[in-house]
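Trainee: Could you please take me through this structure step by step? I would like to start with its sheet and then move on to the side chains.
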Amino acid sequence: MPVISVTLLPGYPSEAQHRLVQRLAHTARSVIDASDAGTTVFVQEVSAYRRDGRVFSEGGAVLPEASQLVADFLECMAMRDLEAAQAFLSPQFEMVFPGGQTMHQLSELMTWAATRYRRIAKTHMTFEESWQGDQTVVYCRGLLNGEWPDGREFSGIRFADRFEVRKGQLMRQEVWNDLAEMRSQR
């Protein structure tokens, strides 16, 4: 059974340490066939350390949880608070919507979407994360509901979004949904 020891400089909040412990346990169990009960991860703190001729006595920045960042961004978009939503985006942000429509500005998205629906909302969302180097990939799945351009309501349309998050900013969003199929059936 794996026993993992993590040594940190002081200053990391307990929430960040708890997240780190949970993720290390999940990582170990994705490689080693070990039970959750048999996987131990603990954190110890040291007051200082030396590397490359420099002495360090406090830890670095804590990154926000990527799934929560995505959820907060989607909430701003649902409220049509584009200014608040923009704060989550990297200057290099790119979004790819159905049909391969690539955009870089939220205003482009609003113009493109205006011909597809009057309003739209995402519900029953689940979030899944995977970690790839310094990037976290967040998948968000759920259902779309809203109003077609002619005023008729729709609901229960599947969607899946894939977000790339790096250093607390959204770098890329890819969107898949059944909106076009449902629109053609109406």
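This is a predicted model: local features need pLDDT of at least 70, side-chain atom pairs count only at pLDDT 80 or more; totals for chains, interfaces and linings use all residues.

Trainee: What is the strand order in the open sheet of six strands?
Mentor: The order is β6-β5-β10-β9-β8-β7, and the pairing is mixed. The edge strands are β6, residues 101-103, and β7, each of which pairs on one side only. On average, neighbouring strands of this sheet are turned by 15° against each other, direction ignored.

Trainee: In what sense do β9 and β10 pair, and over how many bridges?
Mentor: They are antiparallel and pair over eight bridges. As one example, Arg-166 has Gln-169 in β10 as its bridge partner. In general, strands of a sheet pair through backbone hydrogen bonds, either parallel or antiparallel.

Trainee: Which strands does helix α2 lie across?
Mentor: Helix α2, residues 66-78, lies across β5, β7, β8, β9 and β10. The helix runs at about 160° to β7.

Trainee: Let us turn to the aromatic residues. How many aromatic pairs are there?
Mentor: The count comes to six aromatic pairs. In one of them, the rings of Phe-73 and Phe-88 have their centres 6.3 Å apart and their planes at 70°, so the pair is edge-to-face. This pair links distant parts of the chain: Phe-73 belongs to helix α2, while Phe-88 is in the loop between α3 and β5, 15 residues apart.

Trainee: Are Phe-73 and Phe-88 buried or exposed?
Mentor: Phe-73 is buried, and Phe-88 is buried as well.

Trainee: Why is the pair of Trp-148 and Phe-154 called tilted?
Mentor: The planes of their rings are at 40°, so the pair is tilted, with the centres 4.4 Å apart. The cut-offs explain the name: planes under 30 degrees apart would count as stacked and those over 60 as edge-to-face. Trp-148 and Phe-154 are both buried.

Trainee: Which residues form an aromatic cluster with Phe-73?
Mentor: Phe-73, Phe-88, Phe-93 and Phe-163 form one cluster.

Trainee: Which charged residues lie over the faces of Phe-56 and Phe-159?
Mentor: Arg-51 lies over the face of Phe-56, at 5.4 Å from the ring centre. Lys-122 lies over the face of Phe-159, at 4.6 Å from the ring centre.

Trainee: What is Phe-154 in contact with, leaving aside its neighbours within four places in sequence?
Mentor: Its contacts include Tyr-117, Ile-120, Leu-144, Trp-148 and Leu-179.

Trainee: Where are they placed, and are they buried or exposed?
Mentor: His-124 is in strand β7 and counts as exposed, at 65% relative accessibility. Lys-167 is in the loop between β9 and β10 and is exposed, with a relative accessible area of 64%.

Key:
Residues are numbered from 1 along each chain as its sequence is written. Side-chain values use heavy atoms; hydrogens and water are left out. Helices (H or I, at least four residues) and strands (E, at least two) are DSSP runs, numbered from the N terminus. Buried means under 20% relative accessible area, exposed over 50%, partly exposed in between (1.4 Å probe, protein chains only). Two strands pair if DSSP finds at least two bridges between them. Axes are lines fitted to C-alpha atoms, for helices over the stretch in contact, and angles run from 0 to 180 degrees between N-to-C directions. Contact means heavy atoms within 4.5 Å. Rings of Phe, Tyr and Trp (its six-membered ring) pair if their centres lie within 6.5 Å; planes under 30 degrees apart count as stacked, over 60 as edge-to-face and the rest as tilted. A charge sits over a ring if NZ of Lys or CZ of Arg is within 6 Å of the ring centre and within 35 degrees of the ring normal.
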